[in-house]
Amino acid sequence: MHSWQGASRQSFGLIHYDFQLDNVFYRADQRLFQVIDFDDSMYHWYAMDIASALADTDCRIQQEAFLEGYRSIRSLEPETEEELPRFRRFGRLYSFARILRSLGHSDLVLDDAPFWYKGLRDKRIAYCDDDRRSFSEPW
């Protein structure tokens with residue numbers, strides 16, 4: 001991604017990095033969207049936030065509506081759109097690495113952990129196993 005030709009001052013900057021539906025609220029009385037949860041913000045390509053938002057739904061109509069809305073505010077180059085699957089894969093890889101790190105020594109605390117911890121841990125391990133399989137597939 002470092003060598004991507006689409007990187008420019010207009011395409012790179014501070015992003016939310018957790019731009020998902022559950023972090024966006026619509027206030028109908030004010031016709032206003034509000035975004036929360038900025039703790040993962042980072043400097044990255046703006047396309048990363050687009051890829052994250054698109055990955056939050058499998059509905060093609062919702063994805064197209066999001067892109068149409070985005071294009072109504074800011075231009076989106078065709079080259080950038082072509083790279084969105086690569087950004088999504090990067091996001092999954094980054095998430096995978098963060099989860100693996102958080103699981104690092106999680107087996108050492110199982111005896112003293114709250115009742116819900118083992119279920120959450122098992123869910124995260126299954127998530128990582130699924131990602132391992134998908135990362136072995138070609139682009």
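**Exercise 1. Contact range and overall layout**

Task: Among contacts in the protein chain between residues at least 6 apart in sequence, find what share joins residues at least 24 apart.

Solution: 
- Apply the contact criterion, heavy atoms within 4.5 Å.
- Of the contacts between residues at least 6 apart in sequence, 67% join residues at least 24 apart.
- Note the origin of the coordinates. This is a predicted model, where local features need pLDDT of at least 70, side-chain atom pairs count only at pLDDT 80 or more, and totals for chains, interfaces and linings use all residues. Residues are numbered from 1 along each chain as its sequence is written, and side-chain values use heavy atoms, with hydrogens and water left out.
- Count the elements as DSSP runs, numbered from the N terminus: helices are H or I with at least four residues, strands are E with at least two. The protein chain has four helices and four strands.
- Along the principal axes, the C-alpha atoms fill a box of roughly 55 × 45 × 30 Å.
- Classify exposure with a 1.4 Å probe on protein chains only: buried is under 20% relative accessible area, exposed is over 50%, partly exposed is in between. Buried residues make up 29% of the 139 residues in the protein chain.

**Exercise 2. The nonpolar cores**

Task: Which residues touch the most other members of the largest nonpolar core, and which element gives the most to this core?

Solution: 
- Define the set. A nonpolar core joins buried Ala, Val, Leu, Ile, Met, Phe, Trp, Tyr and Cys residues through side-chain atoms within 4.5 Å.
- The largest such core has 14 residues, and I50, L84 and F87 touch the most other members.
- β4 (42-45), α1 (46-55), α2 (60-73) and α3 (78-103) each supply at least two of its residues.
- α1 gives the most, with five residues.
- Another core lies apart from this one; it has five residues, among them F96, I99, L103 and C128.

**Exercise 3. The α1/α3 crossing**

Task: At what angle do the axes of α1 and α3 cross, and which residues of the two helices meet?

Solution: 
- The α1 and α3 axes come within 8 Å and cross at roughly 75°.
- That makes α1 roughly perpendicular to α3. The classes are: under 35 degrees roughly parallel, over 145 roughly antiparallel, 65 to 115 roughly perpendicular, and the rest oblique.
- From α1, A47, M48, I50, A51, L54 and A55 take part; from α3, they meet T80, L84, F87, R88, F90 and G91.
- Look at G91 in α3. G91 is buried, with a relative accessible area of 10%.
- Leaving aside neighbours within four places in sequence, G91 contacts Y17 and M48.
- The C-alpha atoms of G91 and S52 are 7.4 Å apart, although 39 residues separate them along the chain.

**Exercise 4. The faces of α2**

Task: Which residues of α2 are buried, and which are exposed on the other side?

Solution: 
- Check the length. The expected span is 1.5 Å times one less than the number of residues. For the 14 residues of α2 this gives 20 Å, and the end C-alpha atoms are 20 Å apart, which agrees.
- Q63, L67 and Y70 are buried.
- Seen down the axis, the buried residues of α2 fall within an arc of 60°, so they line one face. The arc is that of the directions from the helix axis to the C-beta atoms.
- On the other side, I61, E68, S72 and I73 are exposed.
- The buried residues of α2 pack against α1 and α3.

**Exercise 5. α4 and R121**

Task: Which residues of α4 are buried, and which residues does R121 touch?

Solution: 
- Helix α4 (residues 117-135) has 19 residues and reaches 27 Å from first to last C-alpha, close to the 27 Å expected.
- Its buried residues are Y117, R121, C128, D131, S134 and F135.
- They cover an arc of only 145° around the axis, which puts them on the same side of α4.
- The face turned away from the buried side carries exposed K123 and R133.
- The cover over the buried residues of α4 includes α3.
- R121 is buried at a relative accessible area of 15%.
- Not counting residues up to four places away in sequence, R121 touches L103, S106, D107 and L110.

How values were computed:
Axes are lines fitted to C-alpha atoms, for helices over the stretch in contact, and angles run from 0 to 180 degrees between N-to-C directions.
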